[in-house]
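Work through the exercises below with the sequence and the 3D view side by side. Try each task before reading its solution.

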Amino acid sequence: MAVYTGIGYDVHRFVNDKPLWLGGVEIPSAIGLEGHSDADVLLHAISDALLGAAGLGDIGRYFPDTSPEWKGVKSTVILDRVNRLLVDNGFKINNVDSTLILESPKIAPFSEQMKDVISGHLKISRDRVNIKATTHERLGTFGRSEGAAALAVVTLESSL
Ligand code: MG
């Protein structure tokens, strides 16, 4: 059976007065990420990886940040739409791996909950979802907590 691999990457800027949504979970934090949607950098990277593996472009194509329709949208809605596109195009998700890059807060206490949210929205077993996190060793943009980044790699199988 053919296996399709996709990669996703996203960055959002930290600002005051915004909630911090990561992996579909609201994390207690003095700063949050800024964006057209809820700025969930992890769900955006995963969504882009899924679209990439399916050869369906990127999330900017379906959810343009110039569109009032998607202003303030929860990224779990984006993930649902992306999953629907995969199903409609005959793909089945094999696994999702991801890495969050941010200086703080610590992600480990929330990663199991993120796995529940992501696997639930993608309708896959939670052991097919992996979430890792690393600091940027206080170096550069991420090290100064100016923003957070996320990387994701997924594999799909074609069910056609
Ligand atoms: Mg984004």
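This is a predicted model: local features need pLDDT of at least 70, side-chain atom pairs count only at pLDDT 80 or more; totals for chains, interfaces and linings use all residues.

Residues are numbered from 1 along each chain as its sequence is written, and side-chain values use heavy atoms, with hydrogens and water left out.

**Exercise 1. The whole chain**

Find how many helices and strands the chain has, and compare its radius of gyration with that of a compact globule.

Solution. 
- Step 1: count the elements. Helices (H or I, at least four residues) and strands (E, at least two) are DSSP runs, numbered from the N terminus. The chain has five helices and seven strands.
- Step 2: From the N terminus, the elements run β-β-β-β-α-α-α-β-α-β-α-β.
- Step 3: check the radius of gyration, taken over C-alpha atoms; the globule rule is 2.2 Å times the number of residues to the power 0.38. For 160 residues the rule gives a value near 15 Å, and the chain has 15 Å, so the two agree.
- Step 4: box the chain. Along the principal axes, its C-alpha atoms fill roughly 45 × 35 × 25 Å.
- Step 5: look at cover. Of the 160 residues, 49% count as buried.

**Exercise 2. The magnesium ion**

Which residues coordinate the magnesium ion?

Solution. 
- Step 1: set the rule. Donors are N, O and S atoms within 2.8 Å of the metal (3.2 Å for Na, K and Ca); water is not among the atoms, so sites may look incomplete.
- Step 2: list the donors. Asp10 (OD), His12 (NE2) and His44 (ND1) coordinate the ion at 2.1 to 2.2 Å.
- Step 3: read their spacing. Along the chain it is D-x1-H-x31-H.
- Step 4: judge their cover. His12 is buried, at 13% relative accessible area. His44 is buried too, at 6%.

**Exercise 3. Helix H1**

How many residues of H1 are buried, and what follows the helix?

Solution. 
- Step 1: compare lengths. The expected span of a helix is 1.5 Å times one less than its number of residues. H1 has 13 residues and reaches 18 Å from its first C-alpha to its last, close to the expected 18 Å.
- Step 2: count the covered residues. Twelve of the 13 are buried, so H1 is mostly covered. Among them are Val41, His44, Ala49 and Ala53.
- Step 3: step past the end. Gly55 follows H1, with a positive phi near 70°.
- Step 4: Ile7 and Ala49 are 42 residues apart in sequence, yet 4.3 Å apart in space, C-alpha to C-alpha. Ile7 itself is exposed, with a relative accessible area of 64%.

**Exercise 4. Salt bridges**

How many salt bridges are there?

Solution. 
- Step 1: apply the cut-off. A salt bridge is a side-chain nitrogen of Lys or Arg within 4 Å of a carboxyl oxygen of Asp or Glu. The count comes to six.
- Step 2: take Glu157. Glu157 lies in strand E7 (residues 147–158) and Lys92 in strand E5 (residues 91–101), so the pair ties together parts 65 residues apart in sequence. Lys92 is partly exposed, at 45% relative accessibility.
- Step 3: take Arg126. Arg126 is in the loop between helix H4 (108–122) and strand E6 (129–134), and Asp116 is in helix H4, ten residues apart. Both are partly exposed: Arg126 at 32%, Asp116 at 42%.
- Step 4: widen the view. Glu112, Asp116 and Arg126 are linked in a network of salt bridges.
- Step 5: take Arg144. Arg144 is exposed, at 52%; Glu146 is partly exposed, at 37%.

Definitions and conventions: Buried means under 20% relative accessible area, exposed over 50%, partly exposed in between (1.4 Å probe, protein chains only).
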